[in-house]
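Dear colleague,

I am passing a structure on to you, and below it you will find some notes on what turned up when I went through it. Please read them with the structure open beside you.

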Amino acid sequence: MNVIYVNSRKFALNFARLQSSSSAATAGSIDIPRRIKRKPDDVLKTLAALQTTDITSAHYQFHDDRFLIPYSNQRRKAYALSEESGRSAAKWLHKKYADLFKYSKGEPMIEAYVTGRSLEDFENVQTPDDICALLDSQIDMNEIIQELGKLKDNRSQDFKQAYFELICYLSGQSSSGDRFLTHSVRQKVVNATRNEEVDKLFKELPADDARALNTMIRTLCRNFLVTDAWTLYQKALADGMPIYVDTFNSMLQIVLHLNEGLPAIKWKSVEDILNTMANQSVKPSVQTLNILLEILSSIFGWKDARQMSMGILAEFRALEITPSLASWYHILNIFYRDRSPMSGILVDIVAELEKQELSVQDHKDANFFVTAMTICANQFQNAQLAHRINDLLRKSNNGIFIGDSVKESVYYRNYFQVICVTEPLDSFMEVYHTYVPSVYIPEPSVMETILKTVEMNSAFQYVPLMWRHILLFEHTTRDNLVNLLFRIITDAGDSELDKLCVSIWDKVEENMESRRNTFKWKAVHLSHILTLLCKGDNLEKAMKIFEKINENSYQLEGVPTEDALRHLYKLFVQHKMELMAEKVLHYAQENGLNVTNTNDSV
């Protein structure tokens, strides 16, 4: 039996204090605060906000294990795809053999682990909210569509409309990928094949239902059935049907496919739709702004597009519509074109965004940061501006705007390029250690820029780190990187760095044995290795390098130095290897070199 010991005096004081506060509360009115609806992950987000992000940790998509963390872009993609493949296989097994997974003692029930659905579960779906809850579950989408299709005839009009919207949304949809799968741009085919199921469901709905009509127009626009969408849109206007703002936005997206000719003629069609919106008192949205700016950037030259875009921004600000990141992305495309005058609007955009809390409003919001950093690297070459853009990305939850893995690589490539050539090397290396290799794997072009900066600053202390990362990132097949690293080592004249040469040679040759492409060595660098091996009396490796020089000269750029061949000749003479010494002598004579200026004799 458990016994709880209580301090009687302390208990009496607390009880008296409780009674006094209770009596005081009853004297006045008690205001019960309104319940704040929380999401399931709000507590986790709050706890996460108390901790700073560990920038050195692996991406959450990978296991935090040094043997399982990929350190090259190829391996990252392979690991991510293999994990997704395993997840898909597990889901298939879970569904195919549902009878083997019915035993569960979990309390409360975890929806994701429940296998199979009985007919009664779908019978309880009565409202559009029930459909939304069903879509949030782990049930396979094909199963949901099949079962709801059987029930729709016995449901309300709102249920049928929700089911119709679901089918329209899924029509023409491709399978979703992850951050390592770039979303390919779907070909815009005018008057493509219509979806028979969508047409059938649309005919079953009342002809005077504005919701169904607007949904159908948006679906036709999204599938680029331009002529059909325009015909249905004109019919809706003639019948006096209300048109929603999203429907107007969809029509704006396809209006350019309806008119061919001068930019002024195309823009006249855009103005007609905008006037129709104004006549129906439909307030435009931020998506309307983004579509208009995208149209401007595609049909007008830089001069007209700049002037008109500023006017459109002013009009939407008057409507209290704040531009999104996608809006600024289109502005950047308008102001920074080939052969257009330089503009400083990027600085103004960054200054304005630094004052805002960013949120997702358009699917093209993810294009802003990569475009801004590219412009900063190619046109501004300003490290301060690059840091401001990067700080804005790291602020709060703005990291979601980095986009997929391709956009992320392009962003950090440009970021590294601009600060590597404009900032002191030590400052750059601080940024390098922050992001490499946990966030970003430098491409060979970036590594080459870093190595050139190391060479220019004679910062030989970074050479071992650069070699470890070249090896880690699987860049050892890049002859320009390895030869540049060799050039830095030979110029340094450091005995500690010279020890790296042999290990670099071994690793490169080891990798080349398993690859088909050839490695273009520079003869001057092999001469340096050869001299080191001869001085260290390493006969075996010296013979291997000479065989490569003598037999595979097509893989060699230049001719070995006379001093290196002289050391090799002396080594063979010392070890009484007459045949190899004659080969060295013959090779030197063919290339106009003299290696016999020595007292040694065979």
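**Helix pairs and aromatic rings**

In this model, which is predicted, helix 8 (residues 196-204) and helix 9 (residues 210-222) have axes that come within 10 Å and cross at roughly 160 degrees. Angles over 145 degrees count as roughly antiparallel, and helix 8 and helix 9 are therefore roughly antiparallel to each other. The crossing in which helix 8 passes helix 9 is left-handed. On the side of helix 8 the contact is made by Val198, Asp199 and Phe202, and on the side of helix 9 by Ala212, Leu213 and Met216.

Helix 25 brings Leu526, Ile529, Leu530 and Leu533 to the meeting, while helix 26 brings Lys541, Ala542, Ile545 and Ile549. The residues of the contact of helix 25 with helix 26 divide into seven nonpolar, no polar and one charged.

The other topic is the aromatic rings. If ring centres within 6.5 Å are taken as a pair, the count comes to 20 aromatic pairs. One of them joins Tyr411 and Tyr412, whose ring centres are 5.0 Å apart and whose planes stand at 85 degrees, so this pair is edge-to-face. Tyr411 has 0% relative accessibility and therefore counts as buried, and Tyr412, at 6% relative accessibility, counts as buried as well.

Tyr411 also forms an aromatic pair with Tyr415, and that pair is stacked, with 6.4 Å from centre to centre and 25 degrees between the planes. Because Tyr411 and Tyr415 are four residues apart in helix 19 (residues 405-422), about one helical turn separates them. Tyr411 and Tyr415 are both buried.

With kind regards

Notes:
Residues numbered from 1 in each chain as written. Predicted model: local features only at pLDDT ≥ 70, side-chain atom pairs only at ≥ 80, totals over all residues. Heavy atoms only, no water. Axes fitted to C-alpha atoms, helices over the stretch in contact; angles between N-to-C directions. Helix = DSSP H or I, 4+ residues; strand = E, 2+ residues; numbered from the N terminus. Parallel < 35°, antiparallel > 145°, perpendicular 65-115°, else oblique. Left-handed = near helix turned anticlockwise from the far one by under 90°. Contact = heavy atoms within 4.5 Å. Nonpolar A, V, L, I, M, F, W, Y, C, P; charged D, E, K, R; others polar. Phe/Tyr/Trp six-rings, centres within 6.5 Å; stacked < 30°, edge-to-face > 60°. Buried < 20%, exposed > 50% of the residue type's maximum accessible area, 1.4 Å probe, protein only.
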